[in-house]
Amino acid sequence: MARAGNEATPRTRQAGAERARETALREILRVISTSRHDEPPVFDVILENASRLCHAPMAALVTISADGRHYQMAAEHGAKPEFVRFLKDNPPELDPERYAAARAMVNAETVHVHDLADPDLYGASDRIRIQSTVLEGIRTSLYVPLVLEGRSIGCIGLWRRIVAPFDDDEIALVETFASQAVIAIENVRQFKALQKRTEEFQALNAELESRVASHVAEIERIGRLRRFLSPPVADAVVQAGEDGLLKSHRAFVAILFADIRGFTAFCEAAEPGETIDLLHTYHEEMGALLREYGAGVDQRTGDGIMAIFNDPLPCDDPAGNAVRLALAMRAAMARLCAGWKRLGHRLGFGVSPSGAPEAVAAMMMEKGLKTGVDLEPEAEEEEGFEEDLHEGIPEQFLTVEKPVS
């Protein structure tokens, strides 16, 4: 019976150790699942459990620097503050010939040093190794690499202040802990990468929304402008910016004035619907010609039309364009006035292009017209019609009817 009791003790101890390891692994997994954005909490619980279960008063997790030349402490458990400060101020080089931790990381293999004070290992010239034994009294150490996708990114180190090598179960446990540390590191890396992509996507989405809003606002602005300006002028206003067209500037322009002769008398006698229909037809015809001949700003009030050439829309021959438009308008109005005459409406048309006097005069003479600038279609066949239309009109705007003989 005594023998059976003695045999139960090792089994009980082994079962207890296994339960403790399982509990530690569950705790580490729990922390990993709740710390996807942060590595230190996982490192701390791993080192605390490794130190306790492997009976090592000191533990540390180091990572290789970005340049691959040194390794630095990422987390520690049980080390003296002055030793931690010394290692942070003097990060060891990743030299496998000098440091066991470096050898574990470079070769991606577990390194077990039974006695750090062994003269064959402990060189008097190596300051970090001296500090490890003097400040911390380290004797036995274990280094397990953290391997991610076939490449070492750091290692877990356990230290004892006595010469007491780690057994196989302890080494296997630390290797399991190392695998979990790698999982935590990879989780955080993936989380940060996803977060960065999300932020980039959000920034891009915000930029696209801003562009769309700006584009929609521009479309709406163009739509509003086109209610009062011709499409080319509206586009020029938008392209010039908020203040582009409002800045003071000099330009040679030609201006054309036109109106329907007898329109006031017509309005007094006609029904409102007739007036609206006539104006609609008139402006539809004249508007098409204004656009065809490149008139810039055109202002319309009732039957009156004012058109400007060479601002804001540039043109090579503003005076010539004004005269050519006047002739085209004269021809179109001859047709319209003939139709209105058949309906019993006594209407004519006056148009006056003005720009450089010499240019306008030359264009008029080239077309076989007098140098006057008021043109009217031949719609005044009834006696006295012309006089009635032109009553009170200044001399320079009198009708020009026929070519110079």
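Trainee: Which side chain does R335 meet in a salt bridge?
Mentor: R335 pairs with E285. The N to O distance is 3.0 Å. Keep in mind that this is a predicted model.

Trainee: Where do R335 and E285 sit in the chain?
Mentor: R335 is in helix α10, residues 318-342. E285 is in helix α9, residues 272-292.

Trainee: Is R335 buried or partly exposed?
Mentor: R335 is partly exposed, with a relative accessible area of 48%. E285 is partly exposed too, at 24%.

Trainee: Why do such side chains pair up at all?
Mentor: Side chains of opposite charge can pair when their charged atoms come close.

Trainee: How many salt bridges are there?
Mentor: The count comes to ten. One of them joins E170 and R160, at 3.2 Å from N to O. E170 lies in helix α6 and R160 in strand β5, so this pair ties together parts that are ten residues apart in sequence.

Trainee: Are E170 and R160 buried or exposed?
Mentor: E170 is buried, with a relative accessible area of 7%. R160 is buried as well, also at 7%. Both count as buried because the cut-off is under 20%.

Trainee: New topic. What does D259 pair with?
Mentor: D259 meets R261 in a salt bridge. The N to O distance there is 2.5 Å.

Trainee: And how is each of those two placed, buried or partly exposed?
Mentor: D259 is partly exposed, at 24% relative accessibility. R261 is buried, at 11%.

Conventions
Residues are numbered from 1 along each chain as its sequence is written. This is a predicted model: local features need pLDDT of at least 70, side-chain atom pairs count only at pLDDT 80 or more; totals for chains, interfaces and linings use all residues. Side-chain values use heavy atoms; hydrogens and water are left out. A salt bridge is a side-chain nitrogen of Lys or Arg within 4 Å of a carboxyl oxygen of Asp or Glu. Helices (H or I, at least four residues) and strands (E, at least two) are DSSP runs, numbered from the N terminus. Buried means under 20% relative accessible area, exposed over 50%, partly exposed in between (1.4 Å probe, protein chains only).
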